Amino acid sequence: MTIERRARPAALPAVCLLLLWMAVPAVAETRAGWTETGTLSAPEAFQAAAADEQFIYAIASRQIARYDRHTGERVAVSTGEAKHLNSGFFHEGKLYCAHSNYPQTPEQSQIKVLDVDTMELSTAHDFRDYGGSLTWVLRRDGHWWCNFARYGEQNGETFFAKFDDDWNELARWTYPPEVIAQLGRYSLSGGIWDGGELLVTGHDDPVLFRLRLPEEGNVLEFVGSEAAPFSGQGIARDPVTGGLVGIRRAEREVVFAAAPAPEPLRLRVLSYNIHHAEGVDRKLDLERIAGVIRAVEPDLVALQEVDRNVRRSESVDQPAELARLTGMEGVFGGNIELQGGEYGNAVLSRLPIVRHENHLLPRFDDGEQRGVLEVEVTLPGDRGRLLLLATHFDHRRNERERIASAGAVNELVAKRPGLPALLAGDLNAVPESETLRIIGEQWTRSNAEVQPTIPVKEPTRQIDYVLYRPEGRWKVIETKVLDESVASDHRAFLAVLELRNEPRP
């Protein structure tokens, strides 16, 4: 037997898609479908499939067969009593399977566990008659999560329950009517956690229902439906590909599926040297600075020359006040003690900030101490994290300190190779300088053509930038210098960037 790899989109027939669309409420999101990437022929592929790094497990009602995932050869079959296995989930190297006496009543449910070394099935927990047939079991956040299915006119009583390690029930939820309405007389056969959401299958249809736990109440929240290349039944995560494994019961085959690629994420990134909010008209006006920022609706802002509790700027905590005025989250990196407060860089973010750290840069010849503020934010949609470095380099004619700072920034980002990253700030260096050449070893400028940012009245030189890495993950949508020449002695620089999906291995 061999594993067949083929690229076939998971598409529902047009009539089915129309009926599915009509059944889904307008508030639910319709998402892209999962893509079939291969199959494995397995006569036992009748109830579910599961996978570890070496093997694929085809689950029938009474036994489980193990297949070599590279050759497709069946290498072992389970022993031990079973009547109606439903799904499989790996936890600590063992395969936990939902089991019941379906279709008999009253329902009797157990969790069976397969020792993959001996291929012996045993009972890990017996629910007895718990009000439904157990169709899947999961482990997450130190708890067990189990689905108990009802059928026919009672399928609306299907429920999802949370248990502690002593099998005390902590909570239970039922399913929204718009999901139950699509099941006919059957029920929900498979489910896994996908980040903070549940992916749930029915009995026959090639559809995944996406749900989440409600903030209030005991009915799961319906997020949307996604086309799938397998026909309901039990599903599991494939640890090798990060996708799913399921089955097509009629063909008796295990199906491998890749996740829908999320849409690229567009970010608006602003770099602005605010001159401690003192404009060229010598007015100290933090609200004016905030207005410049709000006007372009940025997601991330790197600010330079920011005061915190400094007497010259009326002892105002400028990062905190700008965060309030813009409705963003703010963090500060102080580099110099000044007039009872601090002076340095700041970052404003609409994305959740999970970590920030200020690093002092090399300092030569008693110059002003400079720094780089390292900020890590969480990206929406389970896309991971993004690194933003906000900085301000030395301004003196001799380039020696700027060159050293460029090297320090490159060394800093090299320690976080797995994260997409942005560098924004006043580098006090023009594009053709040695400083920018060194920065270019790790970073790509968002604007290929020079866009001057100083002098603020009639700019002739660019020293303010937004840069990105790695180059292949980003697409530049737009860059521009803002047309505001009073609020500071620099013009602000805006880059609109698209973060592409990470290439699959």
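Author: Two strands pair if DSSP finds at least two bridges between them; strands (E, at least two residues) and helices (H or I, at least four) are DSSP runs numbered from the N terminus. This is a predicted model, in which local features need pLDDT of at least 70 and side-chain atom pairs count only at pLDDT 80 or more, while totals for chains, interfaces and linings use all residues. Residues are numbered from 1 along each chain as its sequence is written, and side-chain values use heavy atoms, with hydrogens and water left out.

Reader: Which residue of E19 stands opposite Leu-208?

Author: E18 and E19 are antiparallel and pair over six bridges. In E19, the residue opposite Leu-208 is Glu-226.

Reader: With which residue does Arg-210 form a salt bridge?

Author: A salt bridge is a side-chain nitrogen of Lys or Arg within 4 Å of a carboxyl oxygen of Asp or Glu. Arg-210 is in strand E18 (residues 207–212) and its partner is in strand E17 (residues 197–201), so the pair ties together parts 13 residues apart in sequence. Arg-210 counts as buried (under 20% relative accessible area; exposed is over 50%, partly exposed in between, with a 1.4 Å probe and protein chains only), because its relative accessibility is 5%. The closest N and O atoms are 2.9 Å apart, and the partner is Glu-197.

Reader: How many salt bridges does a search of the whole structure find?

Author: Some are linked in a network whose members are Asp-194, Glu-197, Arg-210, Arg-212, Glu-221, Glu-226 and Arg-237. Another joins Arg-288 and Asp-281 at 2.8 Å, N to O, where Asp-281 is partly exposed at 32%. The search of the whole structure finds 34.

Reader: Which side chain of opposite charge is nearest to Asp-464?

Author: Asp-464 lies in strand E32 (residues 464–469). Lys and Arg count as positive and Asp and Glu as negative, with His and the chain ends not counted. Asp-464 is buried and has no salt bridge. At 9.2 Å, the nearest side chain of opposite charge is Arg-461.

Reader: With which side chain does Asp-464 make a polar contact of 2.6 Å?

Author: A polar contact is a pair of N or O atoms within 3.5 Å; within protein, one must be able to donate a hydrogen and the other to accept it, and residues adjacent in sequence count only if both atoms are side-chain atoms. The partner of Asp-464 at 2.6 Å is Thr-453.

Reader: Which residue takes a positive phi in the hairpin of E6 and E7?

Author: Strand E6 (residues 64–68) has four of its five residues buried. E6 and strand E7 (residues 74–77) are antiparallel and pair over three bridges. Five residues lie between the strands of this hairpin, and the residue with a phi near 80° is Gly-72.
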